[in-house]
Amino acid sequence: MLEKMIEMIEKNSESMAEDLKEKLLSDPDTKSFQTLDDKVLYEDIHAFYSRLGYWLLRDPEMGDVKSYYTEIGKRRRMEGFSITELVRSLILTKKHVWDAVLEKGIMDAPVELNSGIDFITYLNRFFDFAIYYTTLGYYKSLGVS
Amino acid sequence: MLTRRIVDLIQGNAAELSKSIVNEILSHPTTKSYHNIDEKTLLDMIYDICSRFSYWLSEDDDRGEVKKHYRDLGKRRFEQGITLPEVVSALYLTKRKLWEFITAHRDVTSSLDLNQILETSFLLVRFFDHAVVHVTEGYEEILKEKYGYEAPLRNPERFAEAMAEKEKRMRVMKEKPRLPELCFTKGMIRLEG
């Protein structure tokens with residue numbers, strides 16, 4: 001079931017990436033994303049959605065999650081983004097994934113609810129670390145002691 | 001609306017839960033500077049969340065209490081010498097402990113209980129999402145006050161410049177690529193254009 005939820009997101013990664021891109025671009029709280037090239041923004045989001053299983057099912061405390069999001073925090077700081085905007089964008093992404101799972105009505109039977117709880121656990125664990133490492137990368141590059 | 005059973009479970013175990021969360025924060029490598037804070041003050045703050053779990057989780061963000069509380073907390077933590085990533089990590093460690101506690105009590109035979117857990121998870125996630133956003137806002141505000149740091153794109157002029165740069169990049173990409181004209185002169189190739 002957990003795999004079914006991940007597969008559903010990965011299969012719909014193109015339309016979901018387009019949808020999230022529009023949300024980020026139209027939300028006044030994530031305004032700085034408007035300064036990025038639309039295609040690059042779409043590709044970044046699509047790269048995440050199309051490999052959701054890869055991201056969610058690995059140990060977020062180390063490896064790719066740590067290096068990727070620390071680097072994102074640093075890069076976005078250089079591009080002029082505020083840290084609150086980055087945090088908001090990651091929360092928006094998490095909500096977007098979860099809303100998609102709910103909309104597809106995958107969780108009806110009790111066994112599916114159990115998988116839903118597992119899914120939300122993985123999803124939150126991943127985004128907690130993604131937000132933590134983004135904040136870390138951003139903060140370190142500020143050079144505040 | 002939180003279910004009575006889950007609220008009773010958390011609130012009834014508030015003292016024990018708070019201690020375990022404080023121990024986690026004080027021993028975790030991502031929250032080292034929390035040793036700067038008086039342990040009793042930290043315990044009281046976490047006990048407040050656990051003992052009034054229902055109140056905090058059902059608090060409407062628009063009402064502003066969560067917003068004010070966590071913005072002020074962000075500023076206070078800065079003054080206490082705790083970095084923003086540490087504050088964020090402490091909030092997530094708290095959430096994780098609460099979530100582990102709730103899911104450890106899941107009853108696999110009852111779909112109603114699973115529904116309740118799932119519903120609680122929405123509220124728990126929503127609460128901590130707001131807390132992290134507002135604590136970050138508070139931290140950014142004090143960074144501006146103390147160091148004069150403001151994210152460049154917050155400045156309308158800098159934002160307009162960045163948008164103009166983007167337009168320029170887009171225009172170049174949309175233009176048809178022009179091939180240079182080839183002029184053959186005595187065996188040499190001269191590129192023009």
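Reader: How many helices and strands are there in chain B?
Author: The model is predicted, so local features need pLDDT of at least 70, side-chain atom pairs count only at pLDDT 80 or more, and totals for chains, interfaces and linings use all residues. Residues are numbered from 1 along each chain as its sequence is written, chains are lettered from A and ligands numbered from 1 in the order in which they are written, and side-chain values use heavy atoms, with hydrogens and water left out. Elements are DSSP runs numbered from the N terminus: helices are H or I with at least four residues, strands are E with at least two. Along the sequence, chain B reads α-α-α-α-α-α-α-α-β-β, that is, eight helices and two strands.

Reader: What share of the 193 residues of chain B counts as buried?
Author: Buried means under 20% relative accessible area, exposed over 50%, and partly exposed in between (1.4 Å probe, protein chains only). By that rule, the buried share of chain B is 44%.

Reader: How many helices and strands does the secondary structure of chain A have?
Author: From the N terminus, chain A runs α-α-α-α-α-α-α. Of its 145 residues, 55% are buried. The element count for chain A is seven helices and zero strands.

Reader: What area do chain A and chain B bury between them?
Author: The size of an interface is often given as the accessible area lost when the parts come together. Here buried area is that loss with a 1.4 Å probe, summed over both parts. Carbon and sulfur atoms carry 67% of the total for chain A and chain B, which is about 3,600 Å².

Reader: Which three residues supply 16% of the area that chain A buries against chain B?
Author: Contact means heavy atoms within 4.5 Å, and 41 residues from chain A meet 41 residues from chain B. More of chain A's buried area comes from one trio than from any other three residues: Ile117(A), Tyr132(A) and Tyr139(A).

Reader: Which side chain of chain A meets Glu137(B) in a salt bridge?
Author: A salt bridge is a side-chain nitrogen of Lys or Arg within 4 Å of a carboxyl oxygen of Asp or Glu. Five salt bridges are counted between chain A and chain B. In one of them, at 2.8 Å from N to O, the partner of Glu137(B) is Arg88(A).

Reader: Which element gives the largest share of the side of chain A that touches chain B?
Author: Two elements of chain A give two or more residues to that side, α6 (83–103) and α7 (110–142). The largest share, 18 residues, comes from α7(A).

How values were computed: Buried area = accessible area lost by both parts, 1.4 Å probe.
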